[in-house]
Amino acid sequence: MKFLSNSKVLLTFFCLCIFQKNSFANECLIKKDLNIGLINNNYIDYKYYLYYALGEYSLKNNIEFTISEVNQNANEFDIIFGEFRDLAKLSLNQTQIPDKVLKFYNENEVEVKENLFPLDLDTFILLSQDDYEKITFEEFSELYNPIKYTLGMSFKTKEDIINLILYHLEKPSINFNSLSFELTSDLFSKTYENLNKNIVNNNFLEVFNSYENSENVYTLFSDGILLNKNIDYRSFQLFPKSKYIWDSEEGVFKESFESKPLSFYGFSAYLNNSQGSGLLCHLIDEEVRLKAFRDFNIQLSPLSINEIRSIEDDLSDDYKKILENKNKNILKPNYSLENKKYDLFTGLIFGKYNYDDIMDNQNYLNK
């Protein structure tokens with residue numbers, strides 16, 4: 001009997017050990033010496049936000065950290081930050097994901113694969129310092145103001161322009177043969193005539209300065225700009241799409257009454273070492289996220305309306321509608337494929353080509 005009693009004690013102890021091991025396996029882990037990587041892009045500088053967030057995290061958890069640029073040395077870092085499209089080029093692998101992180105993405109209805117975690121979901125809006133009613137792309141392309149440019153935007157980053165075209169086409173790829181593309185490129189070409197060409201090669205802060213100086217009737221931003229505490233605006237709308245949509249089954253253009261807020265992943269985290277998952281847990285804290293949206297002018301956008309429930313009474317109904325829907329319409333373009341088409345469709349927009357020229361250069365796409 002004593003032997004059986006001792007066996008039960010040992011079995012209970014063994015089970016408790018297994019339970020504790022499993023319960024800790026999905027907790028946020030704190031590594032005391034974090035090596036952080038950053039993949040820079042030429043439009044938005046995330047470095048200052050990262051230094052602030054890491055400084056706050058290090059004080060809270062008594063850790064040390066370094067931040068340096070990733071340059072063919074991705075394996076050296078615990079976590080890497082950058083645009084989702086750049087991080088997706090790294091070798092993705094399975095990693096232990098803390099329950100807190102899984103819950104965060106489940107609540108926002110965003111799917112996470114392997115060790116790549118989006119922290120930013122952007123859709124396109126036009127912001128204005130004047131009051132304007134919502135208009136269609138056709139109306140927008142005809143808009144003229146004698147003292148301001150119609151539109152301020154930058155063509156500095158190819159991938160952002162690819163996103164913008166796909167946003168209008170509402171397709172995962174660009175098809176030059178489609179009537180929808182012909183219509184969209186024509187509207188962009190008309191809009192380009194009164195585009196603020198002084199900032200087409202500028203970075204985000206320079207585009208933002210153009211907006212603050214009231215150079216444009218509308219300026220193109222991602223929706224996260226609306227949450228910044230220092231932004232001053234009178235009206236905004238999703239970048240307008242054509243009032244017509246091509247119905248391939250019936251072979252006619254039909255009037256479209258709904259504009260979908262198609263969205264794209266932006267700033268993201270690549271977890272290279274699960275021991276550093278505590279930082280990821282810190283970054284998704286509600287207070288930390290709200291501070292990022294409000295205090296840092298980097299266009300960081302919520303993944304869904306669930307992220308800003310505590311402040312939703314301060315938001316307009318129009319923006320809440322965007323936040324309720326943009327996570328239902330996420331596109332992840334194949335940029336290596338679409339980049340081959342970039343010169344042709346921007347040539348259309350800039351007036352370098354007409355549509356017939358594009359059709360004559362289809363062999364270009366097969367290179």
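Colleague: What is Ile-298 in contact with, leaving aside its neighbours within four places in sequence?

Modeller: Ile-298 touches Ile-44, Asp-45, Tyr-46, Tyr-49 and Phe-204 once those sequence neighbours are set aside; contact here means heavy atoms within 4.5 Å. Before we go on, this is a predicted model, where local features need pLDDT of at least 70 and side-chain atom pairs count only at pLDDT 80 or more, while totals for chains, interfaces and linings use all residues. Residues are numbered from 1 along each chain as its sequence is written, and side-chain values use heavy atoms, with hydrogens and water left out.

Colleague: Thanks! Where does Ile-298 lie, and is it buried or exposed?

Modeller: Ile-298 is in the loop between α10 and α11. Its relative accessible area is 6%, so Ile-298 is buried. Buried means under 20% relative accessible area, exposed means over 50%, and partly exposed is in between (1.4 Å probe, protein chains only). The helix and strand labels are DSSP runs numbered from the N terminus: helices are H or I with at least four residues, strands are E with at least two.

Colleague: And how far is Ile-298 from Phe-267?

Modeller: The two are 31 residues apart in sequence, and 9.5 Å apart in space from C-alpha to C-alpha. Phe-267 belongs to β13, where Phe-267, Ala-269 and Leu-271 point one way, Ser-268 and Tyr-270 point the other way, and all are buried. In a regular strand, side chains alternate between the two faces of the sheet.

Colleague: Which strands pair with β13?

Modeller: One is β3 (residues 79–83), which runs antiparallel to β13 and is joined to it by five bridges. Another is β4 (residues 116–118), also antiparallel, over three bridges. Two strands count as a pair if DSSP finds at least two bridges between them. Ala-269 is the bridge partner of Phe-81, and Phe-117 stands opposite Ala-269 too.

Colleague: Changing topic: how many salt bridges does a search of the whole structure find?

Modeller: The search finds 19. A salt bridge is a side-chain nitrogen of Lys or Arg within 4 Å of a carboxyl oxygen of Asp or Glu. One of them joins the side chains of Asp-223 and Lys-326 at 2.8 Å, N to O. This pair links distant parts of the chain, 103 residues apart: Asp-223 is in the loop between β8 and β9, and Lys-326 is in the loop between α11 (317–325) and α12 (335–338).

Colleague: Is Asp-223 buried or exposed, and what about Lys-326?

Modeller: Asp-223 is buried at 0% relative accessible area, and Lys-326 is buried with 0% relative accessibility.

Colleague: What does Lys-103 form a salt bridge with?

Modeller: Lys-103 pairs with Glu-107, their closest N and O atoms being 4.0 Å apart. They are four residues apart in helix α4 (residues 99–107), so about one helical turn separates them. Lys-103 counts as exposed at 52% relative accessibility, while Glu-107 is partly exposed at 43%.

Colleague: Now the open sheet: in what order do its four strands come?

Modeller: The order is β7-β8-β6-β9, with mixed pairing. Since β7 (149–152) and β9 (235–238) are at the edges with a single partner strand each, one side of each is left without a neighbour in the sheet. From one strand to the next, the twist averages 25 degrees.

Colleague: How do β6 and β9 pair, and which helix lies across them?

Modeller: Strand β6 (residues 124–128) pairs with β9 in the antiparallel sense over four bridges, and Ser-128 has Ser-235 in β9 as its bridge partner. Helix α6 (residues 158–169) lies across β6, β8 (216–222) and β9, at about 95 degrees to β6. For such angles, axes are lines fitted to C-alpha atoms, for helices over the stretch in contact, and angles run from 0 to 180 degrees between N-to-C directions.
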